[in-house]
Amino acid sequence: MDHGARAGEPAVTTDQVAAGLRELGLGRSSTVLVHSSLRAFGHVDGGAAAVARALVDVCGTVVVPADTWDRTGVPAPPGLERPWNAYGNAATWAEHDEAVARADAFVPDLPVDREMGAVPEAVRLGHPHRRTEHPLKGFVATGQRAADVVGAQTLDHPLAPVDAVADAGGDVLLLGVGHTASTAIHLAEQRRGRGRFHRYAKVGPGAWAELPNLPGESHRFDELEPTLRSRTREVRVGRARLRRTGVADVLAAARAALLADPRALLCDDPGCRCAAAWRGQEPATAPR
């Protein structure tokens with residue numbers, strides 16, 4: 001499979017990825033929340049499994065997103081209106097029932113949504129791990145703190161594993177992706193009282209559930225990069241930028257941006273979920 005290789009470009013190896021991670025200062029005491037793009041490296045000898053191996057070999061605890069939206073997600077039922085929810089309804093109950101019939105109910109061995117990239121699925125398939133049981137917003141964790149990270153999640157607080165990584169003094173690790181992939185910034189938004197969304201998933205044969213407090217849009221999150229640059233360590237492996245930033249630093253930067261401007265990190269498109277995150281909200285007063 002072509003993972004983004006260019007003619008004459010040498011393959012990236014597991015050892016090179018591991019060396020890059022160590023150059024970032026990571027080691028067996030490190031807890032990392034990883035967002036990644038395999039293609040960004042160029043050709044990797046061994047593909048996603050090689051990157052997963054490097055992460056697990058170097059870091060004490062590896063946490064990756066393990067969403068299942070593509071398999072478990074269903075539309076909102078017809079006629080149900082949640083203010084500012086910005087999510088489409090099925091036109092009829094027949095359409096909704098058909099969507100539920102097509103979807104999969106969550107089970108622990110369900111593949112990770114391909115939108116998360118290839119590396120999370122390689123971690124799940126290739127390494128002993130624990131996995132959250134949220135029907136949409138999942139995480140997989142390996143290593144020393146895996147049980148604590150996974151055990152933090154509840155249906156009402158799907159981003160709690162990010163809190164757990166922060167409590168462990170952990171880092172956001174961006175492998176070839178930008179801050180638009182960073183779940184920690186969504187947590188900062190929620191802490192400041194920004195709008196949270198309901199989503200819907202199949203949970204059993206013919207059964208679906210409404211799930212609260214899920215994050216929204218992220219396409220302006222890279223606006224935090226100048227603020228975070230001084231708190232970020234960076235190396236290049238192949239064609240990929242590997243960046244390490246403390247979760248606490250990401251949360252603090254996002255909090256400061258939202259305190260300065262409650263509409264920070266949101267676009268002005270009235271049809272975007274950004275508008276839904278703001279519409280009807282007063283300036284946040286949450287203490288964290």
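The model is predicted: local features require pLDDT of at least 70, side-chain atom pairs count only at pLDDT 80 or more, and totals for chains, interfaces and linings use all residues. Residues are numbered from 1 along each chain as its sequence is written, and side-chain values use heavy atoms, with hydrogens and water left out.

**Stop 1: the helix pair**

Select residues 47–58, helix α2, and residues 118–126, helix α5. Helices (H or I, at least four residues) and strands (E, at least two) are DSSP runs, numbered from the N terminus. The axes of α2 and α5 come within 8 Å and cross at roughly 70 degrees; axes are lines fitted to C-alpha atoms, for helices over the stretch in contact, with angles from 0 to 180 degrees between N-to-C directions. The two helices are therefore roughly perpendicular, a term that covers 65 to 115 degrees.

Next, display the side chains of A48, A49, V51, A52 and L55 in α2, which meet A118, V119, A122 and V123 in α5. Contact here means heavy atoms within 4.5 Å. The residues of this contact comprise nine nonpolar, no polar and no charged; Ala, Val, Leu, Ile, Met, Phe, Trp, Tyr, Cys and Pro count as nonpolar, Asp, Glu, Lys and Arg as charged, and the others, Gly among them, as polar.

**Stop 2: the nonpolar cores**

Select L21, F41, V51, L55, L173, L175 and L242, which touch the most other members of the largest nonpolar core, a set of 35 residues. Such a core consists of buried Ala, Val, Leu, Ile, Met, Phe, Trp, Tyr and Cys residues joined through side-chain atoms within 4.5 Å; buried means under 20% relative accessible area (1.4 Å probe, protein chains only). Elements giving two or more residues to this core include α1 (14–23), β1 (31–36) and β10 (240–246), while the largest share, seven residues, comes from α2.

Centre on F41: leaving aside neighbours within four places in sequence, its contacts include V12, V51, L175 and R239. A second, separate core of 30 residues includes V150, V172, A254 and A264.

**Stop 3: helix α8**

Select residues 183–191, helix α8, where T183 is found. At 4% relative accessibility, T183 counts as buried. Beyond four places in sequence, T183 touches H35, K137, F139, L159 and V162.

Nine of the nine residues of α8 are buried, so this helix is largely enclosed by the rest of the structure. Among the elements covering them are β5 (139–143), α7 (160–167) and α10 (247–260). Finally, select G193, which follows α8 and has a positive phi near 85 degrees.

Definitions and conventions. Angles under 35 degrees count as roughly parallel, over 145 as roughly antiparallel, 65 to 115 as roughly perpendicular and the rest as oblique. Buried means under 20% relative accessible area, exposed over 50%, partly exposed in between (1.4 Å probe, protein chains only).
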